[in-house]
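Hi everyone, thanks for coming.

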Amino acid sequence: MSAEAIPSTETIAAERSRRDRPIDLIGLALSLLTLVVALASFFPIYWAIITSVKPDGEVISGSNSLWPGRFVFDSYIHIWTNTNIAIWYVNSFVTSIVISALVIVSSAGCAYALSQLDFPGRRVIYVLILACFMVPMQALIVNHFVLMAQFKLLNTWAGIILPQLIVPVVIIVYKQFFDSVPKEFREAAQMDSAGHFKILFRIYLPMNWGVTAALGIITFIGAWNSFLWPFLAATGEATMTVPVGITQVKDAYGIVYGKLMASAVVAGLPVAVVYLLFQRRVTQAIMLSAGVKG
Amino acid sequence: MLRDKRSEWLTAAVLVGPFVLIYGVLFVWPTIQMVMLSFTKAPLIGTGDWVGIDNYVKILSHKLFHQAFWNTAYFVLLTVIPNTLVSLLIATAVNRLKGGMQGLVLACFFLPYILPVSVVFLTWNWIIDVQYGLAQVFVRPFNGGEPMSLTRTIPAFMPTVAFVTVWWTMGFNILLFIAGLRNISPEIYEAAQLDNASRWRQFTRITWPLIWPITALVLTIQLIAQLKIFDQVYLFSIGGRQDATITLVQYVYKLAFQQNKGGEAATAAVLLFGMIIILSVLQYQVLRTRGEK
């Protein structure tokens with residue numbers, strides 16, 4: 001469970017012993033090959049970025065040059081002024097942040113209760129969470145749509161947000177961490193007549209701050225990236241999120257790849273930035289949730 | 001003491017309340033409603049007559065459902081196995097690298113995974129474009145020097161989308177494999193090196209058996225995830241031919257949102273739901289018995 005993206009002392013020692021061997025030609029070749037494959041894997045992203053700053057003529061000249069003859073930001077200006085991308089951005093940010101905040105707060109509270117409190121219905125709720133884990137949200141799209149239509153929430157932020165609040169894995173990960181907090185902490189706090197809310201917010205959450213950060217970031221990335229539900233819930237351009245909206249960017253004059261790549265870059269930027277800033281937290285969160293799935 | 005108990009229940013109610021509300025309204029109720037709807041002949045919005053198992057009979061014998069099922073199975077086959085093998089090979093290679101270099105290489109593989117599906121779609125749609133796409137440089141020699149569409153013909157469609165999907169999701173599997181590889185004690189490799197075991201032998205005799213539990217996990221996570229496939233296949237098939245490349249979720253989508261057949265769409269969803277539950281239970285059994293060994 002404590003999988004971290006840093007090499008353990010054992011692996012470092014193993015690598016050192018490997019390094020002591022005379023000359024490891026095969027090893028060197030393998031490393032180089034890995035680097036080449038990694039760069040190839042990154043290349044499509046590079047190609048999208050580079051296309052977005054090429055002049056339109058160069059994009060369709062078939063020259064396929066790996067470096068733009070001239071950097072232009074026309075495509076960005078074009079999508080900024082000719083599409084609703086600014087509105088989609090606001091929609092994406094508002095919905096993703098609200099989803100992450102609500103999921104984290106409601107899951108932490110629920111997990112604390114499941115882990116530390118004894119109350120009727122506890123088992124039923126835990127079974128429900130595990131059941132929820134197996135159920136594909138994609139199978140519920142029809143009824144989510146009907147439900148949101150009945151509430152008159154289609155094409156609203158609330159309509160995009162609500163069905164995405166179901167993230168059972170967050171509760172399970174929290175519960176596992178709360179279970180592993182030594183009981184003495186809680187008992188000592190209770191001696192000082194601290195209530196459960198105080199214990200949750202002053203002891204359990206701060207002790208697991210890293211977990212909260214990891215789960216919050218991964219929930220945000222997931223919410224930002226989600227496609228199917230926002231695509232169904234937001235049919236008007238004014239309520240679309242960025243990932244849905246950018247599939248609508250069209251031009252009356254044929255090939256618009258420069259502009260399409262600019263919108264792709266703009267749509268992917270927030271999650272790419274979040275990932276690059278919090279690499280370790282993101283990988284930690286993924287390993288935690290995969291651990292739960294196993 | 002009784003007062004304590006009561007205040008504990010009250011606290012629990014406050015803490016669990018939001019969860020119960022959210023999951024009750026957005027999970028339990030829609031699930032019940034979905035099952036009920038599957039027995040009626042209703043439009044997407046509104047009520048309809050109770051028709052018993054008619055919808056199930058109809059859907060199960062519906063040609064398009066079969067097509068959706070086989071397309072999904074084909075897609076699963078094309079993605080899950082190559083993705084697992086390639087990810088394992090890359091993970092073993094990445095695991096050998098040191099410090100900063102490892103971080104950089106891992107980031108190259110992982111970055112695609114966190115991008116939204118539509119970004120992936122736009123990027124690759126540009127790369128494989130018939131007229132100007134970069135991929136044509138590599139495709140043309142195999143097509144008698146002519147450019148070739150990689151998504152506009154039925155035989156090319158699924159392999160291309162599967163390739164893009166593998167590129168997109170590989171980072172996740174690589175990460176899990178690296179976590180698994182780090183758990184293998186280095187002493188085992190040191191002993192093997194003393195015995196002058198070749199790299200390949202070390203891989204087949206040590207790494208592969210010890211990494212098998214993670215492999216089983218990676219396989220089943222993907223299997224379940226790919227059954228729910230919609231986004232990429234839908235995006236790449238925009239502009240017609242959707243029936244030929246339809247997947248199960250697309251089939252549900254088509255019945256509900258294009259044909260306004262709420263009842264039948266719910267039936268198809270229940271069937272998908274059943275398949276995934278069966279797979280999840282199987283996965284749980286496999287991984288649990290493996291854990292007990």
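One definition before we start: buried means under 20% relative accessible area, exposed means over 50%, and partly exposed is in between, using a 1.4 Å probe and protein chains only. With that, A:F93 counts as partly exposed, because its relative accessibility is 31%.

Please keep in mind that this is a predicted model, where local features need pLDDT of at least 70, side-chain atom pairs count only at pLDDT 80 or more, and totals for chains, interfaces and linings use all residues. Residues are numbered from 1 along each chain as its sequence is written, chains are lettered from A and ligands numbered from 1 in the order in which they are written, and side-chain values use heavy atoms, with hydrogens and water left out.

The model scores ipTM 0.91 and pTM 0.90.

Now the rings. Rings of Phe, Tyr and Trp (its six-membered ring) pair if their centres lie within 6.5 Å; planes under 30 degrees apart are stacked, over 60 edge-to-face, and the rest tilted. Over all chains, the structure holds 37 aromatic pairs. In one of them, A:Y89 and A:F93 have ring centres 5.8 Å apart and planes at 45°, so this pair is tilted.

What about A:F93 and A:F220? Their centres are 6.3 Å apart with planes at 40°, so that pair is tilted. At 11% relative accessibility, A:F220 counts as buried.

Finally, which residues do ring pairs link into a cluster? They are A:F145, A:F227, A:F231, B:F230, B:Y234, B:Y253 and B:F257.
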